[in-house]
Amino acid sequence: LKTVLVEQLRCDREESAANALFDFVTKRWYTRNNIVPMGDAACKPGQKKEPSVLCMMYFKKDLVANSSRRSTLVMEFHVSWNYFTESFVFTCKLWIVSSTEKSNKASSSTPLPTARQFMSFGSVERECGLTDAAALDFFNKLHLESEVFNFSGFRLVQAARKRCININTLSLLRDIIVRFHWNKQELLPCLEYRLQRKYLSLESFLKGPLLISSRKESIIEFLTNNCNDYNLVECSGSGAKCFSGRLTTEGFPVYYFIAWHESMQSSLDIFVLIVTKGRFVDAHITKEGSPFAEQIADVILYSSMIEVQALITKACKEIRKQHLWDILGKQYSFQSATNLSRTINELRDVSHHVDIMSLNTRIGKILSDKLYDFRIPWREVLLSTRNSKSFMHCIDFSLVDPRNYNISNYIIFCGEHDAFLDFRLNESDEIIEAELLIYHGISAQEYLVKNVINDFTTFLLQWIWNDTQAGL
């Protein structure tokens, strides 16, 4: 009656993928359409009629069944390797088997022929045509092309949940969107997923130093090492780096996939998979306060892109912060005064500040020199930290202040604790501001704060003692 060929995605060249799709489709067919399997799903090597056939199964479906006639639809569904397209092809063949009931009684007792037994040729032709139409209508409702897409969506969800690690996720995403573009998805029936693709240029939302430090390798490495902190899953499988996240918007579960664009170095390739389960996403909705109607799919895509943009921005800020921590800390080398001033100001903006003078009142009085009137030469003290084992280096430079043009600034790096001491002195060599710059908040690094202050206090007392000894 009919033969239908459906090609599997080009990225699925493994027999395991073809077997998985075959099992996925056949199970859904005989559980949802009341058709009866007639053979094993997988042929043994010795039973294959052709070397290229991988799997084969037969199904049957009764179309007409009464006391006088029976029409049965027989379907052959098999998977074979196509050497010309170099891909697996799913073939479905249809036959209609019709039969009439014959009496087993003796001819002497056979009743006279009825009008039904002597149907005209036209009546037989019309009945066959109706049977063929019913068979084709039933087959068209199996939606083999849609099942290929549903199977691909199912695999993407498994990859996003890290339950399937043997697939090339990025290659699968790109093959799906090429074969099943959005307009084609709108026409296919019975889809349980929808897939959209969008490019996101870093230059569209990152500016200045944040954009400069956000290189492809840095972002990939950072996301790989911090997936749990950003609720991401590395779902690359056997292909290029790819990350997935999940959100719920407009009542639909949504999985978004983040990858790097194959040709544009500063752009991300974003895929948005909507789990519809047959629900309609092409309808239009209006939001309160907006005079415009928007398609549900567009709203979901917009929400997903905002989520991805916020995630990438947060990651890039963290990368930049780590970069500043490195170039002014363990990897410090001399910079020009202009660049140094700009870099340290940026470090202050991204760091957590702890006011040393208010944290401990006695230390505050010593630093402000209001307790014992030591008249400590603070410039000399702070510069001498370069000779201490507790501190790696001390950066000395002047900042222009609208209120005072003679403010000195000293940044001391505590290598053991990975923190900075930030001192500002006026023209009288008095400390007007003393802060500790730490990477995380004080609640997360309370022990570190105590250790840094103890180290500096010990150094200061040792310096006072040494200076007193030298004066004797």
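Colleague: Why is Glu 145 called partly exposed?

Modeller: Glu 145 has a relative accessibility of 22%. Buried means under 20% relative accessible area and exposed over 50%, with partly exposed in between (1.4 Å probe, protein chains only), so Glu 145 counts as partly exposed. This is a predicted model, in which local features need pLDDT of at least 70 and side-chain atom pairs count only at pLDDT 80 or more, while totals for chains, interfaces and linings use all residues. Residues are numbered from 1 along each chain as its sequence is written, and side-chain values use heavy atoms, with hydrogens and water left out.

Colleague: What makes the contact of Lys 184 and Glu 145 a salt bridge?

Modeller: The N to O distance is 3.3 Å. A salt bridge is a side-chain nitrogen of Lys or Arg within 4 Å of a carboxyl oxygen of Asp or Glu, so the pair qualifies.

Colleague: How do you know that Lys 184 is partly exposed?

Modeller: The relative accessibility of Lys 184 is 25%, so the residue counts as partly exposed.

Colleague: What makes Glu 234 and Lys 241 a salt bridge?

Modeller: Their closest N and O atoms are 2.4 Å apart. Glu 234 has a relative accessible area of 23% and is therefore partly exposed. Lys 241, at 33%, is also partly exposed.

Colleague: Which residue forms a salt bridge with Arg 379?

Modeller: Asp 429 does, at 3.3 Å from N to O. Arg 379 is partly exposed, with a relative accessible area of 26%.

Colleague: How many salt bridges does the structure hold?

Modeller: The structure holds 15. Arg 28, Glu 147, Glu 192 and Lys 277 are linked in a network of them.
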